[in-house]
Amino acid sequence: MDTYTHGHAEPVLQSHRWRTAENSAAYLLPSLRPGLDLLDVGCGPGTLTADLAARVAPGRVLGLDASADPLEEARATAERAGVQVTFEVGDVYALDLPDASFDVVHAHQVLQHLADPVAALREMARVCRPGGLIAVRDVDYATFTWFPANPGLDRWLEVYYGVARANDAEPDAGRRLVSWAHAAGLRDLTATTSSWCYASPQEREWWGTSWAGRATASSFAEQAVGYGLATPDGLAELADAWRAWRDADDGWLGMMHGELLIRV
């Protein structure tokens, strides 16, 4: 089993709940239409899944996550949105699904956390119908940049890389999506990029508070200490660095994501 760097603590879910089709899957939206069957791999608390479901209704939508922890919230999210989605625990390396059973297979910020993203793409292709689409989007942590300069955030990024690599994960996944798809035997590709930017007081409050919490109370924090990459006091300093960025009137942060549409 892969080790998920972030886990499902409240500060993590706080971040995941912000994701919508517009801010996290805009590259896919022109390809969606009512009646398509869609599989969302790594659905988390379900906000993005529910948004995609509204665009393909009355098509069948299944959200899978490696953990049951966020799925009750995901079901409640779909119910509030008035969309029909089934949520289940699933293994992206061995999907309990027939061949060619979905028109769209979507995975947002998933491949970066897998020890074998190529095997996952092969399995996603197996359950995608001929002519269907696989849509994957992953951040590239080397593109994280912020203002004002803050040595504490430099240290945070160093620790994050250490934890992710100790988990056999790839924090610079965005630039590798094309190469992983080729290794999986998938060649009909459209590659794009998009970015997230947090600069308004509300955006800084949301992102900075989330990461201040993750720095001390999440699977990332537990792993950082367990792997000998940080101490509890050191993690508290990382949290302070995030709060300082959050509270800076001229605070700004951006990051780039790689995106890939794969025609099966």
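## Reading the features

Guide: Helix α6 and helix α10 are oblique to each other, where angles under 35 degrees count as roughly parallel, over 145 as roughly antiparallel, 65 to 115 as roughly perpendicular and the rest as oblique. This is a predicted model, in which local features need pLDDT of at least 70 and side-chain atom pairs count only at pLDDT 80 or more, while totals for chains, interfaces and linings use all residues. Residues are numbered from 1 along each chain as its sequence is written, and side-chain values use heavy atoms, with hydrogens and water left out.

Visitor: At what angle do the axes of α6 and α10 cross, and within what distance do they come?

Guide: Two packed helices are described by the angle between their axes and the distance between the axes. Here α6 (residues 151–166) and α10 (residues 232–247) have axes that cross at roughly 125° and come within 8 Å. The axes are lines fitted to C-alpha atoms, for helices over the stretch in contact, and the angles run from 0 to 180 degrees between N-to-C directions; the elements themselves are DSSP runs numbered from the N terminus, helices being H or I of at least four residues and strands E of at least two. The crossing of α6 and α10 is left-handed (the near helix is turned anticlockwise from the far one by less than a right angle; clockwise would be right-handed).

Visitor: Which residues of α6 and α10 make the contact?

Guide: From α6 come Gly 152, Leu 153, Arg 155, Trp 156 and Val 159, and from α10 come Leu 238, Ala 241, Trp 242 and Trp 245, with contact meaning heavy atoms within 4.5 Å. Sorted by class, the contact of α6 with α10 has seven nonpolar, one polar and one charged residues; Ala, Val, Leu, Ile, Met, Phe, Trp, Tyr, Cys and Pro count as nonpolar, Asp, Glu, Lys and Arg as charged, and the others, Gly among them, as polar.

Visitor: At what angle do α6 and α9 pack?

Guide: The angle between α6 and helix α9 (residues 219–226) is about 80°, and their axes are 10 Å apart, which makes α6 roughly perpendicular to α9. Trp 156, Val 159, Tyr 160 and Val 163 of α6 meet Phe 220, Gln 223 and Ala 224 of α9, and these residues divide into six nonpolar, one polar and no charged.

Visitor: How many disulfides does the structure hold?

Guide: A disulfide is a pair of cysteine sulfur atoms within 2.5 Å, and the structure holds zero of them. The sulfur of Cys 128 is too far for a bond, because the closest cysteine sulfur, in Cys 43, is 18 Å away. Cys 128 is buried at a relative accessible area of 3%, whereas Cys 197 is partly exposed at 35%; buried means under 20% relative accessible area, exposed over 50%, and partly exposed in between (1.4 Å probe, protein chains only).

Visitor: Where is Trp 196 found, and is Trp 196 buried or exposed?

Guide: Trp 196 is found in strand β7 (residues 189–198), and its relative accessible area of 7% makes it buried. Leaving aside neighbours within four places in sequence, Trp 196 is in contact with residues including Trp 18, His 108, Gln 109, Arg 137 and Met 255. Val 85, by contrast, is 111 residues from Trp 196 in sequence and 27 Å from it in space, C-alpha to C-alpha.

Visitor: Which non-glycine residue has a positive phi of about 60°?

Guide: Gln 109, one of the contacts of Trp 196, has such a phi although it is not a glycine. Gln 109 lies in the loop between β4 (102–108) and α5 (117–126) and counts as buried at 8% relative accessibility. Asp 168 also has a positive phi, near 60°; this residue is in the loop between α6 and α7 (177–183) and is exposed, with a relative accessible area of 54%.
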